[in-house]
Amino acid sequence: MGSDSEKAKAAPVCEMASTSELEHGAVAIDAETNKKLLGRIDRRVMPVLCFTYALQFYDKALLSQAAIFGLRKDLGLQDGLKYSWASLIFYFGYLVGTYPISLLAQKYSTRVVITVICILWSIVVLSTPACKDYGGFLANRFMLGLIEAGVSPIFMMVVGLWYTHAEQVSRSAWWYSFSGGSNLVSPLINYGMGHIVGGKLQPWQYMYFIAGGVTFFWGVALWWLFPDTPQAAKGFTEEERKLLLERVRGNNAGSENKEFKWYQMREALCDYRLWGLCIVSMMCCTGSGAVTVFAPIVFNGMGFNVFQSLLLNLPIGALAFICILGSGYLGRYFANARLHIVSAACLPVILGCLLLWRLPSSNVAGRIVGYYLINFFSSAWVQCIGMGTSNVAGHTKKAVYAGATFIAYSIGNIIGPLMFDASYAPRYDPSFTGILICFIICFFCSEILRFFMARENKRRDEKYGVPDDTQGLEDLTDKENKSFRYHL
């Protein structure tokens, strides 16, 4: 943590807390003060984001574990692509909900919006055991995706407001890595739930009741716990709030602005960098569908029983921590290496798919290793999350970028499960071949995107000279602010 504060540039500070007056500050924050502030920000912001994301991932991914404990049989999901559709319909809801909820979070307090989201999604999870057929379950999953759609874009916006560019990838990695934390805990909880026999309910129904209940109580707690903006931060003095804003002046990305600016939205939608980031995000998220939704089913198809298949998910959780935090660490300590990290993360995924595709079924150990290697998709995706906030300026444009990044995430998570037709079981060779192709595309697209952004940085250096932070807190886009430089 301390290394972030050492890397962060000193920022000027003035005597009033308003953004408009802070724009004219001229006093530097010393390194020790900056280090202390960063520690306090981490303690205030990160635990809430991490635990909330762990619950969101738990509730979303519970399907894969409930599937091997009777859910597929009880709801008629065993034929063709029915189970795949039960997974991917979540992301159609996500597509519908992402922009409206992201824009609500720009207009209203993120604390209020995230609290309402969490309580509503807990109600949907609690209602899942009441589903009696395929159609009802599809409707339930769609609503879950619709409501949860705002969580990750809001987290991206929160990180962008509280942290400097040098810190954003590592902090995004922290909260996103708790998908791994969820995968370390949920198999153990559901291992116990799976042993419940007798009564009117099936084990998978108990799983949903436990998950929904915990989420509901956490949602209520978020009203008091979720961090507001630096301008309205609780637990900080007025003088400290000034410094919170000054820390991020050097981002040249502006501060919070509740006004929706149509020209910033148009600029974002016409920006090739947005579409390049979306293609990379989409391709790397196809691996998520394989790991998140089909892991217990694939392991079951290798000859393991349902309880063994569930426990084989535990290394997936550990690998998620390693891949995500490792990617965040590399992005923090190696300047302008983010898209190279994305390309490098594609290579173990490609190798894993080749092992699953080409090794014989008798080589169970080799195929398990291949499956675990697909987890490196998360090393690529966490860099996309970071670039979705640090490579754009202007509050409305940031909201559009955040929403677009997670729309691409949704499409990738739709494409992934569609490759897993039940007729391909138990090996799913065509499925892993499809993921292999997606990551080859991801590899080349990330390098092409990096080339064009590096060329733009060079052009700006030649035309405008050395960047400064005089307009760092104004609500200007990266196109308008000539001191903005893209992180590669």
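The legends below describe close-up views of a predicted model.

Residues are numbered from 1 along each chain as its sequence is written. Because the model is predicted, local features need pLDDT of at least 70 and side-chain atom pairs count only at pLDDT 80 or more, while totals for chains, interfaces and linings use all residues, and side-chain values use heavy atoms, with hydrogens and water left out.

**View 1. Cysteines C284 and C346 with their closest cysteine sulfurs.** Zero disulfides are found in a search of the whole structure, a disulfide being a pair of cysteine sulfur atoms within 2.5 Å. The sulfur of C284 lies 4.3 Å from that of C285, the closest cysteine sulfur, which is too far for a bond. For C346 the closest cysteine sulfur belongs to C442, at 3.6 Å, again too far for a bond. C284 is buried at 0% relative accessible area, and C346 is likewise buried at 0% (buried means under 20% relative accessible area, exposed over 50%, and partly exposed in between, with a 1.4 Å probe and protein chains only).

View 2. Helices are DSSP runs of H or I with at least four residues, numbered from the N terminus. T215 is buried, with 0% relative accessibility, and its side chain reaches the backbone oxygen of A211 at 2.9 Å. Leaving aside neighbours within four places in sequence, T215 is in contact (heavy atoms within 4.5 Å) with L55, D59, C118, W121 and S122.

View 3. E238 is partly exposed at 46% relative accessible area, whereas R241 is buried at 15%.

**View 4. The salt bridge between R460 and E456 in helix α20 (residues 429-464).** The closest N and O atoms of R460 and E456 are 3.0 Å apart, and both residues are buried. Elsewhere, salt bridges that share partners join E267, D271, R273, K397 and D478 into one network.

Key
A polar contact is a pair of N or O atoms within 3.5 Å; within protein, one must be able to donate a hydrogen and the other to accept it, and residues adjacent in sequence count only if both atoms are side-chain atoms. A salt bridge is a side-chain nitrogen of Lys or Arg within 4 Å of a carboxyl oxygen of Asp or Glu. Helices (H or I, at least four residues) and strands (E, at least two) are DSSP runs, numbered from the N terminus.
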